[in-house]
Amino acid sequence: MLAALGNWPGAVWLQGSGTAYLFVNAAHILGIGLLLGAVLPLDLRLMGCFRAVPLAVIGPFLSRAALAGLCLAVPTGLWLFSVRPAEYAGNAAFLWKLGLIALALGNVALQHAGAGFRQAIAGGALTGRVRLLAGISALLWLGALVAGRWIGFL
């Protein structure tokens with residue numbers, strides 16, 4: 001299955017074109033930057049930092065910006081994976097990255113499903129649960145970033 005993935009036309013195109021690979025890689029980095037550039041300020045605000053900035057104003061915007069970054073990072077990441085799928089599938093850092101992303105997305109689901117998050121976004125008080133999940137979120141996303149950079153060193 002991994003060999004077939006490496007032979008699909010999109011992967012073959014990236015394998016043969018440094019320019020195409022450059023632009024897909026740049027789009028992936030842009031997605032990651034948008035994702036983390038939105039998640040980290042939101043998490044910091046949910047942990048109680050920057051109290052002068054109304055969460056009701058920045059919360060919805062940062063949540064949507066993070067989603068846009070995720071929607072760019074995931075397909076471009078899968079496309080980059082298709083260039084050397086067997087190599088990446090055997091790379092411990094890549095597996096850590098996927099695991100951390102899965103945990104981070106699960107944490108996002110827990111945070112957004114909670115009444116405390118909805119109350120905080122509406123301008124209410126920050127609960128301990130919201131603060132804790134925001135801290136976990138920041139650590140998981142930063143861990144995924146480090147694991148992603150680690151891939152090239154293994």
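A pocket, on a 1 Å grid over the protein atoms alone, is an open set of points where a 1.4 Å probe fits, with protein on both sides within 12 Å along at least five of seven lines. Lining residues have an atom within 4 Å of a point. A volume is the space filled by probe spheres set on the points, which are joined across faces, edges and corners.

This is a predicted model: local features need pLDDT of at least 70, side-chain atom pairs count only at pLDDT 80 or more, and totals for chains, interfaces and linings use all residues. Residues are numbered from 1 along each chain as its sequence is written, and side-chain values use heavy atoms, without hydrogens or water.

The largest pocket holds about 840 Å³ of space. It has 28 lining residues; closest to its centre are H28, I32, K97, G148 and I151. Two or more residues each come from α3, α4 (55-81), α6 (92-113) and α8 (128-150). These helices are DSSP runs (H or I, at least four residues), numbered from the N terminus. The largest share of that lining, 8 residues, is from α3.

The second largest pocket has about 290 Å³. Of its 20 lining residues, V39, S63, A66, V108 and H112 are closest to the centre. Again α3, α4, α6 and α8 each supply at least two.

Helix α2 (residues 9-16) packs on α3 (residues 18-46) at about 110°, axes 5 Å apart. Therefore α2 is roughly perpendicular to α3 (65 to 115 degrees). Axes are lines fitted to C-alpha atoms over the stretch in contact, and angles run from 0 to 180 degrees between N-to-C directions. In contact (heavy atoms within 4.5 Å) are W13, L14 and G16 of α2 with G18, A20, Y21 and V24 of α3.

Notes:
Parallel < 35°, antiparallel > 145°, perpendicular 65-115°, else oblique.
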